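Please look over the sequence and the fold below before reading on.

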Amino acid sequence: MAGSINKVILVGNLGADPEIRQTKDGRPIANLSVATGESWKDKNSGERKEKTEWHRIVLWGKTAENLSQYLLKGKQIFVEGRLETRQWEDKEGQKRSTTEVRVGPGDRLVLLGSRDDGGSRRSGAGSE
């Protein structure tokens, strides 16, 4: 499909410290859980409403190794990546799928926040 774009930009907070593992061939992978939220005033009741959306972020290679020590629960981050859907069969033979934001070469992950909370380091992702 010529002329299409697959780009995701998120600013949110980490829901947990990263989960780091290695592929069978030894490549590091870091999985992150990022929360984004919105709030609004209900038109009928005037009550304040909130909704949190959770996003699965996947970092690969040296990016996963280098950034994982700085990515701590609660930190605010900027993520630029692309959507990727994976499918697999679970132990019971059921087909499963998940959609993730993959941060790879040419993408970015930036720690946001003040110097006091350690969030001032800017990190470019994708250098494998």
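In the hairpin formed by β3 and β4, six residues lie between the strands, and G46 takes a positive phi near 75°. This is a predicted model, in which local features need pLDDT of at least 70 and side-chain atom pairs count only at pLDDT 80 or more, whereas totals for chains, interfaces and linings use all residues. Residues are numbered from 1 along each chain as its sequence is written, and side-chain values use heavy atoms, with hydrogens and water left out. Helices (H or I, at least four residues) and strands (E, at least two) are DSSP runs numbered from the N terminus, and two strands pair if DSSP finds at least two bridges between them.

**Strand pairing around β3**
- β3 and β4 run antiparallel and are joined by 13 bridges, with E38 standing opposite K51 in β4.
- β2 also pairs with β3 in the antiparallel sense, over four bridges, and here E19 stands opposite N31 in β3.
- Strand β1 (residues 8-14) pairs with β3 in the antiparallel sense over two bridges, and the bridge partner of L14 in β3 is V34.

**The β2-β3 hairpin**
- Five residues lie between the strands of the β2 and β3 hairpin, where G26 takes a positive phi near 90°.

**Helix α1**
- In helix α1 (residues 61-68), the buried residues are G61, T63, A64, L67 and S68, where buried means under 20% relative accessible area, with a 1.4 Å probe and protein chains only.
- An α-helix has 3.6 residues a turn, so residues three or four places apart point the same way.
- The buried residues of α1 pack against β2 (19-22), β3 (28-41), β4 (48-60) and β7 (108-111), contact meaning heavy atoms within 4.5 Å.

Conventions
Buried < 20%, exposed > 50% of the residue type's maximum accessible area, 1.4 Å probe, protein only.
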